Amino acid sequence: MTDSSEVDTSRPHAARIYDYILGGKDWFPVDKEAGEQVTRIFPHIATQARANRDYMHRAVRLVAREFGVRQFLDIGTGIPTAPNLHQVAQEVAPDSSVVYADHDPLVLEYADALMHSTPEGSTAYVQADVRRDSVLDSREVRETLDLDRPVALSLLALLHFVPDEHGPQELVRSMLRRLAPGSFLLLSHATADFDEEGQLEGVKKVYDQSGTPVQLRGEAEVRVFFDGLEMIEPGLVPVHRWRPDGPTTISDAESCVYAGVARKA
């Protein structure tokens, strides 16, 4: 484990709360307490988290299998949860290269799980905060990815942790401008559009009080992140409705997450 000078164990952290909700073991008592509080407010939170992970699997397979993408940049990785993105991509294409990025020091402690690449492919991890750091300028990205070739930029369940004051739309546009034509944006984002009982405002309050502000966005606000890109069918939809592998029993109110995949011309 990292020492207390690097990891603040006195306050819950979004990545560790998420790990607790997914049934992981890399959390501290404060994260468990926050996770249980969130679950009491929004009992579907574990369903939501799993639906988001399942969407990642489907989206990565799509761009690797149908569009031949072999390079992936996953920002806001979180604590490793198998199968991780590189495992999904390299199952389709063993020569895939993946760079993970996160700003939580605890994630770095478990980054070894993200480094188990196939011999043909490669993986790397960079500790960086997308709000302050230029991830694309990192040594890990420069050495692992060729930005003159298509890259799938993965921003899953990340941007609702980037309030408007940090200019998330411009952050995304800036990264996409530097990616080659044929690159993709894979994005999921929490929303209150389907939350008729107002439960997510309570969830937001838990995160806000933990020092990780949340900004829930409606469909029009999420759609802005895809401006100038070619949306892949079925467009921007509730996460469980994005090309499901089979019949789904999850309701929009249970997922409360939008998801989409788009291509840069």
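Both Tyr55 and Trp242 are buried, where buried means under 20% relative accessible area, exposed over 50% and partly exposed in between (1.4 Å probe, protein chains only). The model is predicted, so local features need pLDDT of at least 70 and side-chain atom pairs count only at pLDDT 80 or more, while totals for chains, interfaces and linings use all residues. Residues are numbered from 1 along each chain as its sequence is written, and side-chain values use heavy atoms, with hydrogens and water left out.

**Aromatic pair and charge**

- Tyr55 and Trp242 form an edge-to-face aromatic pair, at 5.5 Å centre to centre with 90° between the planes.
- Rings of Phe, Tyr and Trp (its six-membered ring) pair if their centres lie within 6.5 Å; planes under 30 degrees apart count as stacked, over 60 as edge-to-face and the rest as tilted.
- By this rule there are five aromatic pairs.
- Tyr55 belongs to helix 3 (residues 45–65) and Trp242 to the loop between strand 7 (237–238) and helix 10 (252–255), so that the pair links distant parts of the chain, 187 residues apart; helices (H or I, at least four residues) and strands (E, at least two) are DSSP runs, numbered from the N terminus.
- Arg243 lies over the face of Trp242, 5.6 Å from the ring centre; the criterion is NZ of Lys or CZ of Arg within 6 Å of the ring centre and within 35 degrees of the ring normal.

**Helix 8**

- In helix 8 (residues 199–209), the buried residues are Gln199, Leu200, Val203, Val206 and Tyr207.
- They lie on the same side of helix 8 because they cover an arc of only 110° around the axis, taken from the directions from the helix axis to the C-beta atoms.
- These buried residues pack against helix 1 (14–21) and helix 2 (29–41), contact being heavy atoms within 4.5 Å.
- Exposed Lys205 and Gln209 are on the face turned away from the buried side of helix 8.
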